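Please read this report alongside the sequence and the 3D view. It begins with the chain as a whole and then turns to a few of its residues.

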Amino acid sequence: MEPVKKGDVLVCSECGVELEVTKNCDCSNCEIVCCGSVMEVKVKSSGGSCC
Ligand SMILES: [Zn+2]
């Protein structure tokens with residue numbers, strides 16, 4: 001999994017919880033786990049949004 005960036009929203013496919021990243025991850029293999037499975041990025045911060 002690619003490192004998460006600030007502004008990314010992670011969602012758990014098991015319970016539906018959502019997390020917003022407030023600081024970039026520097027790991028080469030970023031795995032944030034919830035409910036025993038790796039969370040998926042819901043919204044990519046493509047830089048199109050303001051500020
Ligand atoms: Zn979960």
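## The chain as a whole

Among contacts in the protein chain between residues at least 6 apart in sequence, what percentage join residues at least 24 apart? The value is 46%, where two residues are in contact if their C-beta atoms, placed from the backbone, lie within 7 Å. This is a predicted model, in which local features need pLDDT of at least 70 and side-chain atom pairs count only at pLDDT 80 or more, while totals for chains, interfaces and linings use all residues. Residues are numbered from 1 along each chain as its sequence is written.

The protein chain has five strands and zero helices, and from the N terminus on its elements run β-β-β-β-β; here strands (E, at least two residues) and helices (H or I, at least four residues) are DSSP runs, numbered from the N terminus. Of the 51 residues in the protein chain, 6% are buried. A residue is called buried if 20 or more other C-beta atoms lie within 10 Å of its own, exposed if 12 or fewer do, and partly exposed in between, with C-beta atoms placed from the backbone.

## Two cysteines in loops

Cys15 lies in the loop between strand 1 (9-11) and strand 2 (18-20), whereas Cys35 is found in the loop between strand 3 (33-34) and strand 4 (37-38). Although 20 residues separate them along the chain, the C-alpha atoms of Cys15 and Cys35 are 7.3 Å apart, and Cys15 is in contact with both Cys34 and Cys35, leaving aside neighbours within four places in sequence.

Cys15 counts as exposed because it has 10 C-beta neighbours inside 10 Å, and Cys35 counts as exposed because it has 11. Most residues other than glycine have a negative phi, yet Cys35, which is not a glycine, has a positive phi of about 55 degrees.

Pro3 is placed in the segment before strand 1, and it is partly exposed because 13 other C-beta atoms lie within 10 Å. Its C-alpha atom is separated by 4.9 Å from that of Cys30, 27 residues apart along the chain. Cys30 is also one of the contacts of Pro3, which include Asn24, Cys25, Asp26 and Cys27 when neighbours within four places in sequence are left aside.

Lys42 belongs to strand 5 (residues 40-43), and it is partly exposed, with 13 other C-beta atoms within 10 Å. Not counting residues up to four places away in sequence, Lys42 touches Val9, Leu10, Val11 and Glu18.
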